[in-house]
Amino acid sequence: MSTSESDLNTDPETGGPNQKRGFPILVLLPLIVFMALAGLFMFQLLLGNDPQAIPSALINKPAPDVTLSAVEGLSKDGTAVPGFSRDDLIGKISVVNVFASWCGPCRDEHPLLERLAKVEGIQLIGINYKDKPENARRFLGSLGNPYDRIGADAAGRTAIDWGVYGVPETFVVDGEGTIRYKFIGPLGPLSYEQVFLPELQKIIASGQ
């Protein structure tokens, strides 16, 4: 028995017209999103953009006028580690690092802060973000304390004033109290040597 054209266009289950089934677009949606993100990432690489170099409104602006108390009970070489205010940023180049004991990347970058503390001509200042004093003391007691001063930012308000996106972040402030550079995210061996340290050395060389 031959099959007529009308038979081919008839649904054998319903007897009605055969409905053509399209490919569900939702199946492809995750792939489309992934390809779009991958394309954006490649576009940034081709342009030479630095993924961590998010613009900051505070660059070349005065550091926020804040006063932070010391981390309770924290000492270094038998001497209490002081907090800091904006006045402590005047007259010397400062590297201000925002950290927390609960921050895994902060632990990863800590050895580089130990190296940074040995750079001549700077002071290393910490902002202890949303931390408990006992946890901060335990963190620095275990890994070492590279900071000259540490301010306790228990409520996180100071970090907001500094325009912090998340911990860790590191700022360079010149001797006039002006924020000159900001590094977002944890310092790694390559980013420390090839990105952060050259920027810091340029600011030191400027004599400000």
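Phe196 has a relative accessibility of 0%, so this residue counts as buried. Buried here means under 20% relative accessible area, exposed over 50% and partly exposed in between, with a 1.4 Å probe and protein chains only. The model is predicted: local features need pLDDT of at least 70, side-chain atom pairs count only at pLDDT 80 or more, and totals for chains, interfaces and linings use all residues. Numbering starts from 1 along each chain as its sequence is written, and side-chain values use heavy atoms, with hydrogens and water left out.

Start with the rings. The structure holds seven aromatic pairs. Rings of Phe, Tyr and Trp (its six-membered ring) pair if their centres lie within 6.5 Å; planes under 30 degrees apart count as stacked, over 60 as edge-to-face and the rest as tilted. Trp162 and Phe171 have ring centres 5.0 Å apart and planes at 65°, so they form an edge-to-face pair. Both residues, Trp162 and Phe171, are buried. For Tyr181 and Phe196 the centres are 6.1 Å apart and the planes at 55°, so this pair is tilted. The pair links distant parts of the chain, 15 residues apart: Tyr181 sits in strand β9 (residues 179-184) and Phe196 in helix α6 (residues 189-205). Helices (H or I, at least four residues) and strands (E, at least two) are DSSP runs, numbered from the N terminus. Tyr181 is buried too, at a relative accessible area of 13%. Ring pairs join Tyr181, Phe183, Tyr192 and Phe196 into a cluster.

Strand β9 also holds Lys182. Lys182 counts as buried, at 7% relative accessibility. Its side chain reaches the backbone oxygen of Gly163 at 2.6 Å. The side chains of Lys182 and Glu169 are joined by a polar contact of 3.5 Å.

Now the core. The largest nonpolar core has 45 residues; Trp162, Phe196 and Leu116 are among those with the most contacts inside it. Such a core is a set of buried Ala, Val, Leu, Ile, Met, Phe, Trp, Tyr and Cys residues joined through side-chain atoms within 4.5 Å. Elements that each supply at least two residues of this core include α3 (104-116), β9 and α6.

Which residues of α3 are buried? They are Cys106, Glu109, His110, Leu112, Leu113 and Leu116. The buried residues of α3 pack against β5, β6, α4 and α6. Leaving aside neighbours within four places in sequence, Leu116 is in contact (heavy atoms within 4.5 Å) with Val95, Ile122, Leu124, Tyr192, Phe196 and Leu200.

Technical notes
Polar contact = N/O pair within 3.5 Å; in protein donor to acceptor, adjacent residues only side chain to side chain.
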